[in-house]
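I opened the notebook to record what I looked up, entry by entry.

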There are 2 protein chains.
Amino acid sequence: MTKILIVGGGGMIGQKLAGRLARDGWQGGPAVVTLYDVGFGDGGAAAHRRITGNLTDPGAAAMLVDDRPDIVFQLAAIVSGEAEQDFDKGWQVNMFAGWSLLEALRAEHIASGASYCPRVVFSSSIAVFGAPFPEAIGDEFLTAPLTSYGAQKAVCELMLSDFSRKGFVDGVSIRLPTISVRPGKANKAASSFFSSIIREPLNGRRAILPVVDTVRHAHASPKSATGFMMHAAALDTGLLKGRISLNMPGVSCTVAEQIEALREIAGADVVALIRSQEDPDVAKIVSGWPRKFDPVRAQALGFTSETEFSQIIQSYIDEDLGRS
Amino acid sequence: MTKILIVGGGGMIGQKLAGRLARDGWQGGPAVVTLYDVGFGDGGAAAHRRITGNLTDPGAAAMLVDDRPDIVFQLAAIVSGEAEQDFDKGWQVNMFAGWSLLEALRAEHIASGASYCPRVVFSSSIAVFGAPFPEAIGDEFLTAPLTSYGAQKAVCELMLSDFSRKGFVDGVSIRLPTISVRPGKANKAASSFFSSIIREPLNGRRAILPVVDTVRHAHASPKSATGFMMHAAALDTGLLKGRISLNMPGVSCTVAEQIEALREIAGADVVALIRSQEDPDVAKIVSGWPRKFDPVRAQALGFTSETEFSQIIQSYIDEDLGRS
């Protein structure tokens, strides 16, 4: 019986992951899944054990891992926009809480006589990169983030890498592209509009486009993100040769191309619900983000995503439209 | 009157820097220099105020910076070998204490109504890089360290960058190559032998070479390191465009070339004092270190070093031989 802990299990990807595990189990066998978060919305993956708590509380991490989960998905974070507005909270939640989790796992490793060494899959982000960029970002490009969120993710990658190198845990960091189309409400992430310009019109609602439509960005669907996490959890980490942070594949396209794909699928009336209204704060953050990747390593390791933005829209229609 | 704080002021580079500031002042004017460290050796830069303390103690950082120094050199760290042996101490001293210092400076920034924004020069290291490497490491190469020391330095760089981007401090991270020839006793750094194979024979003492002599490495003298720090403290950081971590120039040479330079300067009898005795632990750490850099940015910004290893030996003879 595989014990799986999803930290940040109340979030969108955590819920998708929990739903997939409830449906498929883990590698053909049963899984006991525990979801941990500061709160849980209505509905969702109710089949699993839920624990409400905050990893920034003293002792919370130690209590959380004292049953020694085999696999830990560390998805907990506040989003980029909030981390940019609240410097203290960003570093406390996105970095120090991550440290506490690793330290708690290390304590179990030591207490076990070094036999316990859980797989840890960390949801990092392409926000670890900052402009200026080459046309396509290779696997050896430097992490020079231009947001606090990106800096916090990059720090956690380094920590996970060192804990893994020492054999305390067995980690993989997955640098997610922007996840589109997110179901549910807009959040404080500066990237939120990439989803809302598709989601809101498909639900008959107006949407604001806060940047010019020539902005290019890399996307993958929630389904792909869940797939990345599952693939990372089962990966032979020996193949990583110590470089455990991986750029994920995705669809690189402009906002204009996103909108054109929406027009082809849903028609001009739906597209007409998008209104341009530039937000300089969002535009500034997004201008420092990567546009395109050449994720040779991840692809060689078997990570896959959509290849056209229309597939990403279709994934939203199949999985989430009408449910959110 | 420029107020300068050297954290880690009891160490080799801290002492050299203090000596230079005592002799030259700061940019032609007087400087009040405070040295902070867990301890100070005999002699050294006695002209300055010394404070003995440990930055890992609660409140220590806040007390240390409450007079708002204009320039802070953050040189405090335990060395690579010790950080590798003592995981907890490495992260506490090399990372968390660095965080405390930045937080204390930010508190002064806030208390000042955002007018206080000190220059912070952080002594980072080429240990932020890990093999495999290209033949020469460019300025955009990824930080994938293979030691805890390197991971801690890389994390501190990211923190300093984010504090700087937010305008709390005005930081520069200087990635030092191995500093050779270090005066004084061997330390626990895995790189210590690069100095001792030159220093000990020049002082008539035997030295152990723990790696094969084909090992290639990048070096700069203590005098160059001090020069890097002084140059970084006066740099127009606007030129860095947010990428505040700089690879420093140095001399890339093999151990055999180091020994040949020693032979030319001091003769075969001196070289005969070096004995080979491989240490697998040291060899393993060093094998993951960079060998050569192409530090285009730092050179364009005016950072300079020796260009031949013989100049590095001569610098030791001029500055330190007979004094240590």
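**Entry: the sheet of chain B.** I started at strand S9 (residues 216-220) of chain B, which is joined to S11(B) by four bridges. The two strands run antiparallel. I checked one pair: B:Ala218 has B:Ser252 in S11(B) as its bridge partner. I note that the model is a predicted one.

Next I asked for the strand order in chain B. The sheet is open, has three strands and reads S7-S9-S11 (chain B). Its pairing is mixed.

Entry: S7(A) runs parallel to strand S9 (residues 216-220) of chain A, and two bridges join them. Across from A:Ile179 I found A:Ala220 in S9(A).

**Entry: helix H6 of chain B.** Is H6(B) enclosed or open to the outside? I counted 10 buried residues out of 11, so H6(B) is largely enclosed by the rest of the structure. The buried set includes B:Phe193, B:Phe194 and B:Arg199. B:Ser192, B:Ser195 and B:Ser196 are also among the buried residues of H6(B). Just past the helix, I noted a positive phi of about 75° at B:Gly204.

**Entry: H6 against H8 in chain B.** I then took the packing of H6 (residues 192-202) on H8 (residues 255-266), both of chain B. The angle is about 20°, and the axes are 10 Å apart. Angles under 35 degrees count as roughly parallel, and H6(B) and H8(B) are therefore roughly parallel to each other. Their crossing is right-handed.

Which residues make the contact? From H6(B) I listed B:Ile197, B:Ile198, B:Pro201 and B:Leu202. From H8(B) I listed B:Gln258, B:Ile259, B:Leu262 and B:Ala266. I sorted this contact into seven nonpolar residues, one polar and no charged. The H6(B) residues B:Ile197, B:Ile198, B:Pro201 and B:Leu202 are also among the buried ones.

**Entry: H8 against H12 in chain B.** H8(B) also packs with helix H12 (residues 309-319) of chain B. I read an angle of about 55° and axes 9 Å apart. H8(B) and H12(B) are therefore oblique to each other. This crossing is right-handed too.

On the H8(B) side I listed B:Glu257, B:Gln258, B:Ala261, B:Leu262, B:Glu264 and B:Ile265. They meet B:Phe309, B:Ser310 and B:Ile313 in H12(B). I sorted this contact into five nonpolar, two polar and two charged residues.

**Entry: between the chains.** Last, I looked up how many residues of each chain meet across the interface. I found 19 residues of chain A in contact with 19 residues of chain B. Which element of chain A gives the most to this side? Helix H5 (residues 148-165) of chain A does, with eight residues. I sorted the side of chain A that touches chain B into nine nonpolar, five polar and five charged residues.

Notes: Residues are numbered from 1 along each chain as its sequence is written. Chains are lettered from A and ligands numbered from 1 in the order in which they are written. This is a predicted model: local features need pLDDT of at least 70, side-chain atom pairs count only at pLDDT 80 or more; totals for chains, interfaces and linings use all residues. Axes are lines fitted to C-alpha atoms, for helices over the stretch in contact, and angles run from 0 to 180 degrees between N-to-C directions. Angles under 35 degrees count as roughly parallel, over 145 as roughly antiparallel, 65 to 115 as roughly perpendicular and the rest as oblique. A crossing is left-handed if the near helix is turned anticlockwise from the far one by less than a right angle, and right-handed if clockwise. Two residues are in contact if their C-beta atoms, placed from the backbone, lie within 7 Å. Ala, Val, Leu, Ile, Met, Phe, Trp, Tyr, Cys and Pro count as nonpolar, Asp, Glu, Lys and Arg as charged, and the others, Gly among them, as polar. Two strands pair if DSSP finds at least two bridges between them. A residue is buried if 20 or more other C-beta atoms lie within 10 Å of its own, exposed if 12 or fewer, and partly exposed in between; C-beta atoms are placed from the backbone.
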